[in-house]
Amino acid sequence: MYGIGAQMFGIRRATSGGGGGGGGGRSWSSTTSVSASGKRIQKEMAELSLDPLPDYAAGPKGDNIYHWVATLFGPSGTPYEGGIYFLDITFPSEYPFKPPQVIFKTRIYHCNVDPNGIVSLVILKDGWSPALTISKVLLALRSMLTTPDTYNTVVPGIAQLYLGDRARHDVIAAEWTRRFAR
């Protein structure tokens, strides 16, 4: 069972590397005039529905294409394995020239996620480019769970533990996964 997020997006979890994720695409259409940023977001929605990503999904929350929810499954072989993480994604009106804001709604023990769930990821800050898409952001978030960026941390204590006592770090992160992400 993968929770409400998986059901909401009509996806199923990939059981091994690769694969296309869920079946059946879902398309959203707008009946109103949309700005350039809205058209870009709609294009990305269409691409996601045609080619769903394994182990994560994203889409608009209700009718607001600038506010999305996403579900990210903890990668195998990490202390986040088995966890289901819900994210809140807000696109600015200047998108794609400004990055979306990503917030973990599910608590997570990670040096790149602050206690309020705000993600510190280079591509969501100074490393942002209009060539990036929400699919690439989701891929980067998944990579972040596999390999934290200990040089771009918002919780230095977690980064220090990761670097100094990886086994202890992983025990704590796995415990948080069991407590908050299942």
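Tutor: In what follows, Ala, Val, Leu, Ile, Met, Phe, Trp, Tyr, Cys and Pro are classed as nonpolar and Asp, Glu, Lys and Arg as charged, while the others, Gly among them, are polar. The structure under discussion is a predicted model.

Student: Which element gives the most to the lining of the second largest cavity?

Tutor: Helix 3 and helix 5 are the elements that give two or more residues to the lining of the second largest cavity. The largest contribution is three residues, and it comes from helix 5.

Student: Is T78 buried or exposed?

Tutor: T78 lies in the loop between strand 2 (64–73) and strand 3 (84–90). Beyond four places in sequence, T78 touches L145 and T146. The relative accessible area of T78 is 12%. Since the limit for burial is under 20%, T78 is buried.

Student: Which element gives the largest share of the largest nonpolar core?

Tutor: The largest nonpolar core has 40 residues, of which W68, L72, V102, F104, V119, L141 and M144 touch the most other members. Two or more residues each come from helix 2 (36–50), strand 1 (56–61), strand 2, strand 3, strand 4 (101–104), helix 3 (134–146), helix 4 (156–164) and helix 5 (166–180). With seven residues, the largest share belongs to helix 3.

Student: With which residues is V119 in contact, leaving aside its neighbours within four places in sequence?

Tutor: V119 is one of the core members that touch the most other members. Once neighbours within four places in sequence are left aside, the contacts of V119 are V102, F104, N112, V113, L124, L141 and M144.

Student: How many residues line the second largest pocket, and which lie nearest its centre?

Tutor: The second largest pocket has a volume of about 160 Å³. Its lining comprises eight nonpolar, four polar and three charged residues. The lining count is 15 residues, and those nearest the centre are R107, I108, D114, P115 and W176.

Student: Which peptide bond is cis?

Tutor: Most peptide bonds are trans. P96 is found in the loop between strand 3 and strand 4. Omega is near 10 degrees for the cis peptide bond from Y95 to P96.

Student: What pattern does the protein follow, read along the sequence?

Tutor: The protein has five helices and four strands. Among contacts with a separation of 6 or more, 57% join residues 24 or more positions apart. Read along the sequence, the pattern is α-α-β-β-β-β-α-α-α.

Student: What percentage of the 182 residues of the protein count as buried?

Tutor: A residue is counted as buried when its relative accessible area is under 20%. For the 182 residues of the protein, the buried share is 48%.

Student: Over which residues does pLDDT stay under 50?

Tutor: The protein averages a pLDDT of 85, and 81% of the residues score at least 70. Where pLDDT is low, the predicted coordinates should not be read in detail. The model has 48 contacts beyond four places in sequence for the stretch where pLDDT stays under 50, namely residues 1–32.

How values were computed:
Residues are numbered from 1 along each chain as its sequence is written. This is a predicted model: local features need pLDDT of at least 70, side-chain atom pairs count only at pLDDT 80 or more; totals for chains, interfaces and linings use all residues. Side-chain values use heavy atoms; hydrogens and water are left out. On a 1 Å grid over the protein atoms alone, a cavity is a set of points where a 1.4 Å probe fits but cannot get out, and a pocket is an open set with protein on both sides within 12 Å along at least five of seven lines; lining residues have an atom within 4 Å of a point. Grid points are joined across faces, edges and corners, and a volume is the space filled by probe spheres set on the points. pLDDT is the predictor's confidence in each residue, from 0 to 100. Contact means heavy atoms within 4.5 Å. Buried means under 20% relative accessible area, exposed over 50%, partly exposed in between (1.4 Å probe, protein chains only). A nonpolar core is a set of buried Ala, Val, Leu, Ile, Met, Phe, Trp, Tyr and Cys residues joined through side-chain atoms within 4.5 Å.
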